[in-house]
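Trainee: I want to learn how to read helix packing and domain contacts. Can we work through a case?
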There are 2 protein chains.
Amino acid sequence: MSTIDPLSNPQINADVIIESRWLASMAPSNALLENHAVIVQKGLIAEILPISDARKKYTASSLVCLDEHILIPGLINLHTHAAMGMMRGMADDLPLMAWLNNHIWPAEKVVLSPQYVKDATLLACAEMLASGTTCFNDMYFYPEATALAAGEAGIRANLGLVVLDFPTAYATDADDYLQKGFNAHDSWRSNPLITSSIAPHAPYTVSDQTFEKVVIYAEQLSVGIHTHLHETRQEITQSEAQFGIRPIQRMANLGLLGPNLVAAHCVHLLENEMELLAEYGCHVAHCASSNLKLASGIAPVAALLAKGVNVGLGTDSVASNNRLDMLSEMRLSALLAKGFSEDATAVPAYQALQMATINAAKAMGMDNKIGSIEVGKFADLTAVRLGDLETLPYYDPIAHLVYSCGREQVSHTWVAGELRYSNGVFTNIEPTELKEIIQTWQPKLRQYKN
Amino acid sequence: MSTIDPLSNPQINADVIIESRWLASMAPSNALLENHAVIVQKGLIAEILPISDARKKYTASSLVCLDEHILIPGLINLHTHAAMGMMRGMADDLPLMAWLNNHIWPAEKVVLSPQYVKDATLLACAEMLASGTTCFNDMYFYPEATALAAGEAGIRANLGLVVLDFPTAYATDADDYLQKGFNAHDSWRSNPLITSSIAPHAPYTVSDQTFEKVVIYAEQLSVGIHTHLHETRQEITQSEAQFGIRPIQRMANLGLLGPNLVAAHCVHLLENEMELLAEYGCHVAHCASSNLKLASGIAPVAALLAKGVNVGLGTDSVASNNRLDMLSEMRLSALLAKGFSEDATAVPAYQALQMATINAAKAMGMDNKIGSIEVGKFADLTAVRLGDLETLPYYDPIAHLVYSCGREQVSHTWVAGELRYSNGVFTNIEPTELKEIIQTWQPKLRQYKN
């Protein structure tokens, strides 16, 4: 009779066990674990331990073995307008104002509706899940429709309650936008995947009075603020003409600057403006592709990081990118920072991955829940193949992820422990149906193409 | 008895018929054909005609129907060092001189041999074919080994006969490099896929005397010249200190400038230097990713094009990119030109595609044979899927190709009418074997990683 080793008989039943060749926890930033397993219980990360130990301790109905992969925190898209999904490539190679006035805005006038927002967001969610994104920070009309689509796809979203001072199909004036936003906010309170921010669109579309209200309501609701800031030179010139000051100073005067502000773009900044952002603890959503494509310019990311500003990455919408692809944004942001600052050590690979994960979580005030692979956080996880022929060999897994891999190497995406995408297959999205939905909108939008 | 329509019974037997939803011939530049077929006979494009007509006129043993694709001229990588393939990601996030002195050069010292060059080039060819590249303009040691690998993979290559003034494992001095180059040139004369250029490495590694010889030999052999030029500020400063003039002026004085020169990089250019390049009809190989990654800077591509300089695109090697991915280079070059020039109309999508096809063919003096889809040219062709869910919808096929699609959408690659890659499968390359070959080299190189 042989003695039974009590450890050879796993005692604990987990929901999911993910065994991975490499694991970048991002806590601390550049830690890299080898042959570790993540144990998932009730959507949360219950334990991280060597595979050999995990096999002794746990059993699970779902075991995923990633033998040539890196497991990373789910990527977070810190600035997008998911519902512009149907406008991908509708108008390329155009200056910003011609693009907005002659294409984007007329098209929005025709299609803007809850159904459009839901359908287009579902498309965006499919693209994001398939490229390893598990959470997006959004700003668009009809956010309750965005929430429906995100819920259907099973992706996490921090939805901006958009505020403007001019009427659209969605709302008539600032108070109406705010009221509709609060109703939306109430509607998803019980949805664990959806959170809110208040999203005054930009300094050139929102009045002082409205910004002041936004600050008060954001505090009352304990939510963040998400706005566009210093995207173009024109925005700054216009502010100087209208208000006598640059937009950031105006935001400072109005009480907008603070640790609950996510400022998208921040392309054109003076030295003291970077210091202002750092002092106030503001967060920047760097949108490299969009800023290049609309010829807004190149944001001084290396300088911002050096000053201690927390910077995350965003795709902006597919109307100005034209991909919702955070792997592409990581690569571009790391490369662009080096070329622009003429310093090859600027934004090394692990820092690009930080920007796409934990930095973005911090920016949304959600770093206690997501952004790293740590016990107690949601199991929002992405697996990326490192061993495809076209990307071999590799020496440093994180650098390989950022510089060599593309979204085509994303193999698995989990949100709160639920597998939402795996090797070309979505759990909740039926591609054929979604393609049919696209076909209902594209003919309406085609007339606005350039 | 019924009358037989003579046209309903195809009369002509073609080698290959490729029917495509969209076809970008690049002749003229932005022409876009719908539902056309390319007829291939003996490796050449025999006819381009509407699908309906093709079905009446031709039959073929190989018929490929591309119902949601764009067929484009095979992409041409105008500047690379394929044999650095095994050094992908070996040393990232480092300044140029630390990268060269502490990593690349010591590693080369250890592995440099014909076998290494052949093996590493085969890996590079696999990556290039899988991402739609049908021809590459190379510069490396042991070019006859590069030719062997290219021949094995079935990809077209214009191989630089590298010349330096210092010894390596390959050759001892300039004359030895030249003689070895001429021997290599002779060795592939009967190979229809391989052509030559003479490749003096760079102004900082080649003497005046050697450059003068290069000019004479290039004329005698009727081949082009391929060099690195104005890649970094340091190169320029060093030239000013050593020769009293900037490298381009030195090249002009030595007779290097002319329509047979492909100058890689050209990042830092004065106004009059751009004019000089235009006047002499020189060609520039723009390497956006590499220039950013090594922090060399951002080349003034929009200005060069405006002055009439012919610009093609190159990946440089995977040691500084880290992808041999021309779709990624097209997208980056189009975006970067806009952001850098702050002009959203700079380098529109069709111009990026021109740079990656016909412009590169012109640069190598091969535009009578490749670079566009025209009758009489080689059937070097690439098909890209436009209808994948993650890239839908699309409005303009060429803009979609450049801004939304990635190499993951490349479905077919033909070189001289031979299918070399299709949906994950290579005709001549066995991935498992190639992965084993990589495993023989990687341990030798790993010690040089950062």
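Mentor: Start with the terms. Axes are lines fitted to C-alpha atoms, for helices over the stretch in contact, and angles run from 0 to 180 degrees between N-to-C directions. Helices (H or I, at least four residues) and strands (E, at least two) are DSSP runs, numbered from the N terminus. This is a predicted model: local features need pLDDT of at least 70, side-chain atom pairs count only at pLDDT 80 or more, and totals for chains, interfaces and linings use all residues. Residues are numbered from 1 along each chain as its sequence is written, with chains lettered from A and ligands numbered from 1 in the order in which they are written.

Trainee: At what angle do H3(A) and H4(A) cross?

Mentor: Roughly 40 degrees, for helix H3 (residues 114–130) and helix H4 (residues 143–153) of chain A, with axes that come within 8 Å.

Trainee: Is the crossing of H3(A) and H4(A) left-handed or right-handed?

Mentor: A crossing is left-handed if the near helix is turned anticlockwise from the far one by less than a right angle, and right-handed if clockwise. H3(A) and H4(A) cross right-handed.

Trainee: Which domains does the assignment give chain A?

Mentor: Such bounds come from an automatic or database domain assignment. Here domain 1 is 6–73 + 370–426, and domain 2 is 75–363. Their C-alpha centres lie 29 Å apart.

Trainee: How many residues of each domain are in contact?

Mentor: Contact means C-beta atoms, placed from the backbone, within 7 Å. In chain A, 27 residues of domain 1 are in contact with 29 residues of domain 2. On the domain 1 side, H15(A) gives the most, with five residues.

Note on methods
Two residues are in contact if their C-beta atoms, placed from the backbone, lie within 7 Å.
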